[in-house]
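Reader: I would like to go through this model by question and answer. Where should we begin?

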Amino acid sequence: MFEKLNPRQNEFLIDVIDEKTSRINILQGSVRSGKTYVSLIAWLILIALYPKNSNFLMVGKTITSLKRNCLTLLASLCPAFVFSTSKKEASLFGRKIYLEGVNDSRAEQKIRGMTLQAAYCDELTLFTEDFFSMLLSRLSMPNSKLLGTTNPDSPGHWLIKKYISRKNDLNLKIWDFFLDDNEMIPKEIIASMKKEYTGVFYDRFILGKWVQAEGLIYSRFANDKSRYIIEKFPIHELQSIHIGVDYGASKSKTAFVTIGFTRSYETLVVLDEFVPLGINSPEKLYENFLNFYRKIQKEYGYISTCYADWGGLGQVITKGLQTYCLQAKVPVKIHDCSKFRIIERINILSRLIGTDRFRILSRCSETIESLSSAVWEDEKDDVRLDNGTVNIDVLDAMEYAFASFIPKISNSFNKIPAKELCAFSGGAGEEKFLEGVII
Ligand SMILES: Nc1ncnc2c1ncn2[C@@H]1O[C@H](COP(=O)(O)OP(=O)(O)OP(=O)(O)O)[C@@H](O)[C@H]1O
Ligand SMILES: [Mg+2]
């Protein structure tokens with residue numbers, strides 16, 4: 001029916017046109033499987049069918065991610081769609097659409113007072129349950145509908161437990177999408193994307209399954225360590241060097257880990273580590289850090305930035321650390337680390353390992369040991385086991401060192417040359433595709 005759509009996309013759109021949708025409509029499945037693309041076409045159709053004075057809403061995790069994932073694409077698919085993220089409004093066929101980000105502290109309050117005819121949700125698993133249930137309560141017009149896309153998460157996630165698994169009771173319909181069905185992505189790129197994901201990430205993001213994370217976290221590293229462990233890394237190939245700092249409290253240890261990136265975040269190299277023992281005062285910590293910092297400086301010539309934990313009294317310790325280093329005439333740049341969700345840090349490192357873009361110096365024995373033995377906690381959703389058997393602190397410190405670069409590393413995966421994709425797409429515009437291939 002629609003020539004450019006694959007069979008699954010076609011099937012879904014036919015359901016939309018034949019009014020075989022439900023109150024809650026969710027497109028779920030693998031990454032890059034064409035859910036967003038076809039859901040936006042469906043959104044155009046739905047909006048056109050509702051009266052002009054109805055209220056519509058599009059929501060993403062943030063306004064920026066909504067723009068990146070949906071608004072730009074929607075505008076390229078339909079020039080009648082115009083939007084302003086600063087005004088948080090869009091218009092289409094003479095109808096007004098409000099735009100919101102779940103993470104915006106005022107969003108919930110704003111939506112609380114609305115009566116909505118239809119809502120579009122990008123990446124539903126990143127919403128809070130409260131926001132979602134409140135959104136449903138706002139969809140109170142006759143024939144109100146919610147349309148959303150999502151990748152699978154853990155089976156304990158509220159979206160599957162409270163909604164998808166109860167679809168028969170809830171007037172909720174699901175459509176499944178798979179990466180292999182997306183004919184717009186060249187086969188060799190699909191093949192390389194499949195190599196990127198391992199373990200639970202493969203099951204969720206490639207196979208599209210809601211599965212529990214279990215067993216070894218970095219199984220590919222654990223089963224083939226010699227591939228990643230090296231004696232030395234050429235200093236001139238490093239574009240930047242960063243130190244991650246995790247402060248130990250009663251049970252946890254203090255850990256410092258140095259990492260380096262090669263050009264364009266191609267390879268992440270763990271260069272050094274230090275887990276000082278017997279830290280019984282802030283001064284002792286400062287002294288150990290400064291020694292480690294000087295050692296790295298001596299060996300590599302420079303350090304770009306340091307990223308420290310900021311939970312509890314972390315920020316106070318960091319202030320003290322900065323002052324201590326300054327007094328020793330060693331000015332250091334220490335920022336609060338970006339934390340992200342632990343699963344996002346693990347996912348990005350797994351993808352680097354999976355694509356052979358990770359190396360670790362053999363001297364980093366604690367980090368090597370922790371990477372090889374880290375496991376998911378049984379019966380818990382996406383929790384890394386932290387019962388003292390594995391040195392999690394050294395992993396935290398390593399992750400703090402690279403976490404601020406997660407968006408950049410993510411962008412470096414599967415960059416498909418714009419020309420190649422436009423040829424496949426029938427020329428739908430470069431920007432869309434350059435953005436579109438980023439997961
Ligand atoms: N029928 C189509 N015609 C042209 N391009 C398409 C089509 N279907 C999908 N694409 C393109 O393929 C890429 C992946 O599609 P899309 O973003 O819809 O996937 P997704 O399932 O939403 O992925 P994710 O789970 O990562 O958000 C995008 O660049 C999209 O524009
Ligand atoms: Mg999408």
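Author: Strands here are DSSP runs of E, at least two residues each, numbered from the N terminus. The model is a predicted one.

Reader: Is Ser240 buried or exposed?

Author: Ser240 is found in strand S10, residues 238–246. Buried means under 20% relative accessible area. The relative accessibility of Ser240 is 8%, so the residue counts as buried.

Reader: Which strands are the edge strands of the sheet?

Author: The sheet is open, has 7 strands with mixed pairing, and runs in the order S9-S15-S12-S11-S10-S13-S14. An edge strand pairs on one side only, and this holds for S9 (229–230) and S14 (334–336).

Reader: What is the bridge partner of Thr258 in S12?

Author: Strand S11 (residues 255–262) and strand S12 (residues 268–274) run antiparallel and are joined by 6 bridges. For Thr258, the partner in S12 is Asp272.

Reader: How much of ligand 1 does the protein bury?

Author: A backbone N or O atom of Tyr37 lies 2.7 Å from an oxygen atom of ligand 1, and a polar side-chain atom of Gln9 lies 3.1 Å from a nitrogen atom of the ligand. Taken alone, ligand 1 exposes 630 Å². Of that area, the protein buries 93%.

Reader: How far apart are the end C-alpha atoms of helix H2?

Author: Helix H2 covers residues 35–49, which is 15 residues. At 1.5 Å a residue the helix should span 21 Å, and the distance between its end C-alpha atoms agrees: 21 Å.

Definitions and conventions: Residues are numbered from 1 along each chain as its sequence is written. Chains are lettered from A and ligands numbered from 1 in the order in which they are written. This is a predicted model: local features need pLDDT of at least 70, side-chain atom pairs count only at pLDDT 80 or more; totals for chains, interfaces and linings use all residues. Side-chain values use heavy atoms; hydrogens and water are left out. Helices (H or I, at least four residues) and strands (E, at least two) are DSSP runs, numbered from the N terminus. The expected span of a helix is 1.5 Å times one less than its number of residues. Buried means under 20% relative accessible area, exposed over 50%, partly exposed in between (1.4 Å probe, protein chains only). Two strands pair if DSSP finds at least two bridges between them. A polar contact is a pair of N or O atoms within 3.5 Å; within protein, one must be able to donate a hydrogen and the other to accept it, and residues adjacent in sequence count only if both atoms are side-chain atoms. Accessible areas come from the Shrake-Rupley method with a 1.4 Å probe; for residues, only the protein chains shown count as cover.
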